[in-house]
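Please look over the sequence and the fold before reading on. The paragraphs below lead through a few places in the chain, one after another.

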Amino acid sequence: MSGGGEEHEQLKQKARPTSTSPLPGVSSASTSSAAAAAAASVASSGGNGRATPEMKRSAVRSLIQRYFHQLQSGCGNVHCKNTNCASSGKVPPMTPNEVAARALHLFSQDAQLCDGAPIANSPQQDVDMLSPNDSSSSSSNSSTSTITSASTTTTTSTQSQSQSQSQSNAQPQSSMEQSERPLMIIDLVKMPTMGSQATITTTTTTADDSDPCTPTLPSVDFVDAELLEGLYTQCHAADSYERLCQIIDHVFSSVDRLSKSFVCRPGQERQHLESKSNNALNKEQLRQLEGEHDKDEDSTQRTATPTELCPASTAADDSHVAENADEADVDDDDNDEDEPMTQQEQNEEFLHRGTKVDFRGLRHIKRLLFGAPCQTIAEQITSSVIQLADYIRYMRLYRQDSWEQVLHCLVICFDMATNTTANNSVTDMEYLDRVLPKLCHAAAAMPVQAQARLAVIWSEYCADQLHTLLSSCQQQITLQVLLDEESVRENEHIISVTKVLKIVFYANILASVLERPSCRLPLQEVGESEADSSASAVEDGEDLFVYNSLQQPHMPKFAEDPLEKCLQVSYIDCRSPLVPLEEFYNEALSEHIQMHQDYLSYKTLAMESDLGSSHTNYFCFMLYAFILTPATKVDALYYDCRMRMYSERYSSLYSILQNFGQDGQEGARPDLKLTVRRDQLINDALIGLELVAMSNPKDLKKQLVVEFVGEQGIDEGGVSKEFFQLIVEEIFNPAFGMFVQQEETNNMWFNATPFENGAQFTLIGIIIGLAIYNNVILAVNFPMVVYRKLMGYRGTFYDLCDWSPTLYKSLKAMLDYQGHDMEEVFEQTFKISYSNVFGELVEHELVPHGSEVLVGQHNKRLFVNLYSDFLLNVNIQQQFKAFRKGFEMVTDESPLKLLFRPEEIEKLVCGSREFDFVELEHSTEYEGGYTEETQIVQDFWSIVHAMPHESKRKLLEFTTGSARVPVGGLKCLRLLITRHGPDSDRLPTSHTCFNVLLLPEYSSKEKLEERLLKAINYSKGFGML
C-alpha cells in the first residue's frame, strides 16, 4: 500500500469512535468531533483514498483550537482537575496571544484534553485563532473587543444569534479555500510583538455564558502602583508570574511607556517627603512649594490611567477625557496669545518644571516586587532597566520634550536603586551592581541642561535618598578601582559614575539651606572695584607694582563648570550642606589616580582650549575636584608649581646663554633668591620682594632660595621653611601694626588704621602666596572669611560666627526676636561703634542719619547685613584688596581655585590640626642598619608617644623644619631615621630639607631621652656638619 493509502487508513481510524486516540493523553470522546470533521474532509476530497495536506492541517488545526478553547473558556466542569483547563481555576490570566502560544505548546506535548471541552467550530472563538493572512479567516460581526495601545476603551457591537449561526455554518466551506502560500503552524497562532501598535481583537463573553473563563488581557502601555499590585496579587494566587514579568519587560524597557508610568495625581508629588517646618526652608523653596499646585493645574495630564488590567470604559470616562482635551485646547489657545518666551526663559522653565513621579507608589511597588518569593521578577526588572539605560546612552535627542521623558525614566530607575528592602538585600545589591553603572552611563550622556534638571529634581523630591545614592556611587567607584588599579583614569565606569556624582554634588547643595542673595561677587563687579581701587592708588602714588589682576580670569575658560553655570549656584553659598562635602571624597580613587598623568590631561585640555578646539577625548579628574582628597589635590598643585618653576628656570638659563660674553648684559637668575639678616628679617625680605615685584612679577614664580647672612646652610627646602616661620611671627606681631589679634578667637585680622601703606599688605600677600607655591606650611591664624574672600566672595552675616561668636549670637537673637516692641527692647539705631588698634571708640553710621533710625521688625535684616558688611568688607577694603593683589601675583595661574574650597585652602596654608604620631611611626623609614625591630628605634617611639603636645611640636619642627602637620596628616610625611654612628655624647641632628633624623645608637633609653630633649629645645640656626 502506498504512503497515501496509509494516511487514509489512519484518518479512518480517527473517525471510528471506538478506536484509540492517535495522540497520547487525548481521549477518544474528546477527539470525535475533530475526527469526524477530518473524515468528512477526506470523503469530500474525491474518494481517492489519499489525505491531502489541507486535510492534515485541518485536523491539526482542530486539535490546537480545542486546546485554545479549553484554556480560554474551560470545559464547564466545576470539579475539573486539569491544570490546563480554565474550569479548574489554575490557568493564570493571559492575553489571546499568550493563550494561543500556550495551546500550541500543549499540542506539541500531547497534553490532556477534557471530555467536555467546546467543539472546534465555535464561531466566536475561531476569530482569535485564525491567522490574519489566512483566507479562511472569519468575517463575522460577532461581539468583539478592540484594544489599542493608546486607550483601554472597549467597543462592543451585538449581532443576532441567527446571523452568527449562519456565518458559522458557512465557515467550514470557506476554510477549504487556500492561499498561494502553504499554511504553516505559525499561521495558526500569529504572535505580534509586544511593542506593536496594531489593534488587537479579543473576544468577550455573553451575559448568558455561565462557564468560567480565563480573562483575556490587553497589552499595557503604562503602569502604576495600583495596577502592578493588583496584577501581583492575581499572579501570586495563580502561582504564575509570567504575565507580570511580560508587562515589566514591556514597560520598563521602553522610554515611551515608562515615561507614562508611575504618574502621581496633581498636588501629591511631595507626599513621600517628611513634613518640615517652614523655618527650615528658604524663601525660594517656600515659593516653589506654594506655586507647585498652580503648576500642576497648568501642566498637561495624560488622557487616561488604567486602574485594572482589563478595564471597561464608561461614558463618564469618555466625557472626562473630552473635557481634559478641551481644557488642553483652551490652554494652547491662551499660550498662543502670549508673547513667545526667549531661549533663556525656556531653559529656566524647563529647569524648574519639577517631576510627576509617584515616589510613594514606586517605592511601595519596589519593596513588594523585590521582596517577592519569585526571583524572576527582580531579574526581569534588572534586565529591562539595563536595556532601557543602554538605549538612552546611545540615542541622540535634541528636543527638550524628549529629554523630559528620559528624565522621568531615570528618576524612576535611580530611585529604585536607592530604596532597598529590609529583608532582601541580596536582590537589591544585585540590581544595584548591575543597573547603577548602566544608569550612570545614560545620565552622563545627557546634555548639561538635562543633568541640571535631574539635580533640581533630586534636590526637591529625593533629598532623603541623596546620601544613599552617594554611598552607592562611591561603592561602585571603589570596586572598579580595586578591580583595575592600573587604568583608573581610562575606566569608563569610573568616569561615568564620577559625572553622576557631580550631579549628586549639586543636588546636595540645592537641597541645603543656601545663602540668598549669593555672596559670590560677579567678575564684572570685582573688576570694577579693582579698577577703582587701582585708580585711587595711582592718585595717591602708592601703587608700586605693575601687576594688573584684571587680566587674569577667575578660572580658566575650559575649567569652568557648565553645570554650576546652568544652575547658577555655588558650593560657597551652602553653609550647612545636607550631606557633608567631605563624604564626596573617595580615598581609593585618590590613592590610585596617578596625579601626574591627570595633570598632563589638564594641561592638554588647557592647550586645546587655547587653540580653540572644543572636541577632546581627555578626561581630567582635576575638573571633578570634589571627589579628590585634599592630599591628592596638594599633589596636583605641587606638580603645577614645579612645572612653572622649571619653565621659568629654563627661560632664565636660555637668557643667560644668549647674553653670555656680552659686556653689561647679565641674564636673569634661574631662581628667586633672598638674602636676609636675622636681625633685619622683615626689612630685608620686604625690600627684596618689592624689587622683584616692581621689576618683573613673573620672577615670583621661580623657585625660592633663601640665604641667611653669616650661615653656611644650603637651601634645599629646610632654610625656606624657617624663613617663612620667622617672618610670619614678625609680620603678625601686633607691635608691627598691620594686624590685630582678636582676643575672643585668637585670630588675626586686618588693622583698619594701619601704620603702613597698601604696598606693605601687597608684600604680605606675596609671602602667603609664595608659601603655598613652595609647599610650605605657615603658622597663620586667619578666620575662615579671609579664605572665602581670597576666592572672590564677600563676607556676610554668617561669617561672623568664627570672626566674633559673641557678636554673631547677639545679632542672631535680634533676628529671631518677633515681638512688636523691638525698638523699646533693643534700643538700637543704625549707628554703631567699635574700638581701633589704640583702644579708642570709633562711631560709624550705616545709613545717612543712622543715629535717628531705630532698628525694628521691618529693617532688622537690613541692619544686620549692613553691620556685617561694614566689619568684614567696607572697613578693611583697601587693606584686603592690596593683600589679595599680592596673593594673586603668585597664584593667579595655578589651579588653586579650581581644586580647593576655602576650608581646604586653610589646611593648605596652616596645615592639619591633628597630631597623630602613630601614623608618623607607621610611615617612617629607616637606614644605616636601623629597622623597626632595633631596640633604640623602639625606645625612640616610646619616648615620643610619652611626650607632651608642645614637645611633639618641637620634635616635628626639629626634624622637618615646620611645627605644622601637612594636609592629609602625618601619614603623608615621610620621615627617615638613619644611624649616625655608635654610642657617643653627640646630640641628634637633622636635615630638615629632606626630613632626615640622624640618631646615634645610644647605649640606654635614658641617655637617648636626655640627648633628644636637649636637641629639640635648642634648635635654632643652620650649620655644616
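The model is predicted, so local features are described only where pLDDT is at least 70 and side-chain atom pairs count only at pLDDT 80 or more, whereas totals for chains, interfaces and linings use all residues. Residues are numbered from 1 along each chain as its sequence is written, and side-chain values use heavy atoms, with hydrogens and water left out.

Side chains of opposite charge can pair when their charged atoms come close. Across the whole structure a search finds 36 salt bridges, a salt bridge being a side-chain nitrogen of Lys or Arg within 4 Å of a carboxyl oxygen of Asp or Glu. One of them joins arginine 575 to aspartate 799, with the closest N and O atoms 2.8 Å apart. This pair links distant parts of the chain, 224 residues apart, since arginine 575 belongs to strand 4 (residues 574–576) and aspartate 799 to the loop between helix 29 (784–790) and helix 30 (800–803). Helices (H or I, at least four residues) and strands (E, at least two) are DSSP runs, numbered from the N terminus. Arginine 575 is partly exposed, with a relative accessible area of 28%, while aspartate 799, at 2% relative accessibility, counts as buried; here buried means under 20% relative accessible area, exposed means over 50%, and partly exposed lies in between, using a 1.4 Å probe and protein chains only.

A second pair lies within one helix. Arginine 644 forms a salt bridge with aspartate 640, the closest N and O atoms being 2.9 Å apart, and both residues are buried. Arginine 644 and aspartate 640 are separated by about one helical turn, because they are four residues apart in helix 25 (residues 630–658). An α-helix has 3.6 residues a turn, so residues three or four places apart point the same way.

Lysine 831 is partly exposed, with a relative accessible area of 31%.

Turning to the helices, helix 36 (residues 902–910) is mostly covered, with seven of its nine residues buried. These buried residues are Pro902, Glu904, Ile905, Glu906, Leu908, Val909 and Cys910, and what covers them includes helix 25, helix 28 (758–773), helix 29 and helix 35 (896–899). Glycine 911 follows helix 36 and has a positive phi, near 85 degrees.

How do two helices meet further along the chain? The axes of helix 39 (residues 949–960) and helix 40 (residues 1005–1017) come within 9 Å and cross at roughly 75 degrees, which makes helix 39 roughly perpendicular to helix 40. Axes are lines fitted to C-alpha atoms, for helices over the stretch in contact, with angles from 0 to 180 degrees between N-to-C directions; angles under 35 degrees count as roughly parallel, over 145 as roughly antiparallel, 65 to 115 as roughly perpendicular and the rest as oblique. Ser951, Lys954, Leu955 and Phe958 in helix 39 meet Leu1012, Ala1015, Ile1016 and Asn1017 in helix 40, contact meaning heavy atoms within 4.5 Å.

Finally, aspartate 699 lies in the loop between helix 26 (681–695) and strand 6 (704–708), and at 17% relative accessibility aspartate 699 counts as buried. Leaving aside neighbours within four places in sequence, aspartate 699 is in contact with Leu672 and Val692.
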